[in-house]
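Try each task before reading its solution.

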Amino acid sequence: MTAIALPDELARLAEQVCATLESQARRYAPDGAVPVIQADAARFARVTDPANGLAGYEGEWRNRFNQRVGKLVFNSDGSFFAEYDLCVPHPRKPRVFVEAITAWGRAGAVKSEARLLPYA
């Protein structure tokens, strides 16, 4: 993926999305395991939105082993979707695992939640 800079308005939205993801992560990850989620740590590329053929942007975060741990997609209609892997036990629900934190919406309306899985 050839990294590019986001347009200014999307760069500001990316910072807001990252702050939301990190805030959600703090609710679930134990002290010392909360990831620092920053927009400038993601590598963005211009992509084609499959819904309408218009340009969008897709970014991904990778860990020190070059494994993808998150992504942030800006669609051509102004909406976005983001996820960041946590992979930690739920702090209050036994036998539940927090796989990832997700966020979605558009400028001015960022929503988020944890993606939970039961232990097998």
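The exercises concern a predicted model and cover its nonpolar core and its backbone angles.

**Exercise 1. The core**

Task: Find which residues touch the most other members of the largest nonpolar core, and which elements give two or more residues to this core.

Solution: 
- Step 1. Start with the membership: the largest nonpolar core holds 28 residues.
- Step 2. Pick out the residues that touch the most other members. They are Val-17, Leu-21, Trp-61, Leu-72, Phe-74, Leu-86 and Ile-101.
- Step 3. Assign the elements. Helix H1 (8-28) gives two or more residues, as do strands S2 (55-62), S3 (68-74), S4 (79-89) and S5 (96-106).
- Step 4. H1 gives the most, with eight residues.
- Step 5. Zoom in on Val-17. Leaving out residues up to four places away in sequence, Val-17 touches Leu-72, Phe-80, Ala-82 and Ala-103.
- Step 6. Nonpolar side chains in soluble globular proteins tend to be buried together.

**Exercise 2. Positive phi**

Task: Asn-66 has a positive phi, and so does Arg-95. Where is Asn-66 found, and where is Arg-95 found? Is Asn-66 buried or exposed, and is Arg-95 buried or exposed?

Solution: 
- Step 1. Recall the background. Most residues other than glycine have a negative phi.
- Step 2. Read the angles. Phi of Asn-66 is near 65 degrees. For Arg-95, phi is about 65 degrees.
- Step 3. Locate the residues. Asn-66 lies in the loop between S2 and S3. Arg-95 lies in the loop between S4 and S5.
- Step 4. Apply the cut-off: exposed means over 50% relative accessible area. Asn-66 has 52% relative accessibility, so Asn-66 is exposed. Arg-95 has a relative accessible area of 53%, so Arg-95 is exposed.

Key: Residues numbered from 1 in each chain as written. Predicted model: local features only at pLDDT ≥ 70, side-chain atom pairs only at ≥ 80, totals over all residues. Heavy atoms only, no water. Core = buried A, V, L, I, M, F, W, Y, C linked by side-chain atoms within 4.5 Å. Buried < 20%, exposed > 50% of the residue type's maximum accessible area, 1.4 Å probe, protein only. Helix = DSSP H or I, 4+ residues; strand = E, 2+ residues; numbered from the N terminus. Contact = heavy atoms within 4.5 Å.
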